[in-house]
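This briefing concerns the single structure shown below.

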Amino acid sequence: MSGAANSSAYGVHEVNFDGLVGPTHNYSGLAVGNVASMSHGGLVSNPKEGALQGLLKMKSLMEAGYAQGVLPPQQRPDIGALRDLGFSGSNHDVLTRAAADAPQLLRAVCSASSMWTANAGTVTPSIDAPDRRVHFTPANLQSSFHRFLEPQTTGRVLQAIFHSEQHFAHHPVLPATPAFSDEGAANHTRLCGEYGEPGVHLFVYGRQAFGDVRSGEREPKRYPARQTLEASQAIARQHGLSEAQTVFAQQHPDAIDAGVFHNDVIAVGNGPVLLYHEMAFLDEEGTLDELRRKMTTPLIPVRVPIEAVSLEDAVASYLFNSQLLSNPDGTMTLVVPSECQEREAVWRTVQDYLLAGNNPISDVVVKDVKQSMRNGGGPACLRLRVALSEAERAALTGRVLLTNDLYEDLTAWVNRHYRDRLATQDLADPKLAEESLTALDELTQLLKIGSVYPFQLG
């Protein structure tokens with residue numbers, strides 16, 4: 001991996017804010033359409049290992065010169081959500097009754113899915129915004145109950161860290177209805193030259209909710225399409241993006257039915273490079289043509305044909321759910337999960353096609369994030385990309401940019417508070433809830449972000 005920062009000549013750096021794996025990380029198989037999540041449901045998880053794997057990935061990228069940030073997990077179990085659904089009494093009573101009467105709800109309110117911060121929201125850098133501020137919209141995640149519980153805390157976390165009104169703008173979550181189903185940056189890619197140059201925003205959606213369906217559009221039949229065109233358009237309006245700055249493309253419904261629940265499972269972009277599978281977009285040529293027309297820097301498409309990597313292999317390996325990072329010499333590094341090595345066709349494509357091809361990808365780095373992968377999230381799921389100028393970076397609140405000292409403190413924190421074994425039946429243990437709240441209260445002090453959790457706000 002190139003020992004260099006992913007910066008631009010314009011003083012803008014892309015910071016990857018990774019989500020910390022939470023203390024209640026478990027395998028409940030909650031995500032319909034996420035093949036890995038569904039197939040690993042019921043297994044025993046290792047929250048400590050998951051958190052340490054994520055931190056080690058962050059540290060290795062930091063040491064290679066890439067700007068790396070940290071986002072805290074959600075408050076779990078979300079006992080308040082269970083109370084809203086009619087469970088009453090002490091926390092012990094609520095957990096016990098939920099475990100007996102509605103175990104599926106208990107599993108949902110214990111989910112550690114916020115580790116996948118690609119779903120935290122959508123971000124527009126200041127260079128693209130009319131008011132020259134960085135814009136944030138938390139994703140409503142309304143397509144699944146366990147993730148629908150996240151946006152309010154996510155919004156508080158983002159506002160706590162990106163607090164300066166001079167530099168940052170925060171927008172309300174879209175209405176939590178099927179028409180405005182929004183899954184955040186997992187369905188959004190910004191393509192540009194340097195990070196500090198104006199970019200074009202590629203919004204990928206699975207279905208259209210209102211009006212006449214566009215010519216040629218169709219919906220998946222097996223799994224739900226999680227992102228709507230209307231949600232993507234609303235976020236573009238919130239952020240002040242013009243028609244010349246945006247491209248709205250439909251995800252291929254056959255890919256969704258194969259388990260590609262988000263676009264970042266089938267495509268990844270960085271700078272002018274769009275690495276994508278042949279089945280990523282319903283109108284592949286139309287999408288590329290529009291990007292070429294609107295980008296000021298020539299688009300560099302890197303297309304992987306289905307003959308090289310099947311949809312099944314793409315979903316199983318998460319090749320496209322990799323981080324694509326820029327190096328100062330114009331090359332790029334691809335950070336892939338170790339599962340890519342386990343699929344012969346995928347690893348052959350990486351070696352013989354991506355690295356040997358006529359594209360900027362010069363290096364591939366393999367990372368072990370198996371605890372996350374078994375729940376359906378790879379390296380790209382674990383991070384929210386935020387392009388920041390030096391002034392914007394200096395305006396961040398808290399201790400959230402990774403350093404060696406912060407890494408050591410977070411590692412020690414995990415070792416103090418996390419379990420190394422968690423089965424779904426353990427979720428009803430009131431001691432787990434106490435352990436989690438104690439850990440999170442300490443974490444907010446460690447990160448210096450103030451009170452962001454419901455239990456801290458009363």
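In this predicted model, L141 is part of the loop that runs between β4 and α6 (145-148). Its phi is near 50°, a positive value in a residue other than glycine. With a relative accessibility of 2%, L141 counts as buried.

**Other backbone features**

- Most residues other than glycine have a negative phi, and most peptide bonds are trans.
- R132 is not a glycine, yet it has a positive phi of about 55°; R132 is located in the loop between β3 and β4.
- R76 and P77 are joined by a cis peptide bond, with omega at about 0°.
- P77 belongs to the loop between β2 (68-71) and α3 (79-84).

**Confidence of the prediction**

- The average pLDDT of the chain is 93, and 95% of the residues score at least 70.
- Over residues 2-7, pLDDT stays under 50.
- Where pLDDT is low, the predicted coordinates should not be read in detail.

**Overall fold**

- The chain contains 17 helices and 15 strands.
- A compact globule of 458 residues would have a radius of gyration near 23 Å, and the 21 Å of the chain agrees with this.
- The C-alpha trace spans about 60 × 45 × 45 Å along its principal axes.
- Of the 458 residues, 62% count as buried.
- Among contacts in the chain with a separation of 6 or more, 76% are between residues 24 or more positions apart.
- The accessible surface comes to about 16,700 Å², and carbon and sulfur atoms account for 49% of it.

**Cysteines**

- The count of disulfides in the model is zero.
- The closest cysteine sulfur to that of C381 is in C340, 13 Å away, which is too far for a bond.
- C381 is buried, because its relative accessibility is 3%.
- C192 is also buried, with a relative accessible area of 3%.

**Helix α8**

- Helix α8 covers residues 229-238 and is mostly covered, seven of its 10 residues being buried.
- The buried residues of α8 are L229, E230, A231, S232, A234, I235 and A236.
- These buried residues pack against four strands: β3 (121-124), β4 (134-138), β7 (200-205) and β8 (246-250).

**T349 in helix α12**

- T349 lies in helix α12, which comprises residues 344-354.
- The relative accessibility of T349 is 6%, so this residue counts as buried.
- The T349 side chain reaches the backbone oxygen of A345 at 2.8 Å.
- An α-helix has 3.6 residues a turn, so residues three or four places apart point the same way.
- Apart from neighbours within four places in sequence, T349 is in contact with V304, A308, V309 and L354.

**V268 in strand β9**

- V268 is a residue of strand β9, which comprises residues 267-270.
- V268 is buried, given its relative accessibility of 5%.
- Beyond neighbours within four places in sequence, V268 is in contact with V273, L274, L275, F320, S322, L324 and R383.
- V268 and E284 are separated by 16 residues in sequence and by 15 Å in space, C-alpha to C-alpha.

**R393 in helix α14**

- R393 is found in helix α14, made up of residues 390-394.
- At a relative accessibility of 31%, R393 is classed as partly exposed.
- Not counting residues up to four places away in sequence, R393 touches H13, A67, L388 and L401.
- R393 and H13 are 380 residues apart in sequence, and their C-alpha atoms are 8.8 Å apart in space.

Technical notes
Residues are numbered from 1 along each chain as its sequence is written. This is a predicted model: local features need pLDDT of at least 70, side-chain atom pairs count only at pLDDT 80 or more; totals for chains, interfaces and linings use all residues. Side-chain values use heavy atoms; hydrogens and water are left out. pLDDT is the predictor's confidence in each residue, from 0 to 100. Contact means heavy atoms within 4.5 Å. A disulfide is a pair of cysteine sulfur atoms within 2.5 Å. Buried means under 20% relative accessible area, exposed over 50%, partly exposed in between (1.4 Å probe, protein chains only). Helices (H or I, at least four residues) and strands (E, at least two) are DSSP runs, numbered from the N terminus. The radius of gyration is taken over C-alpha atoms; the globule rule is 2.2 Å times the number of residues to the power 0.38. Accessible areas come from the Shrake-Rupley method with a 1.4 Å probe; for residues, only the protein chains shown count as cover. A polar contact is a pair of N or O atoms within 3.5 Å; within protein, one must be able to donate a hydrogen and the other to accept it, and residues adjacent in sequence count only if both atoms are side-chain atoms.
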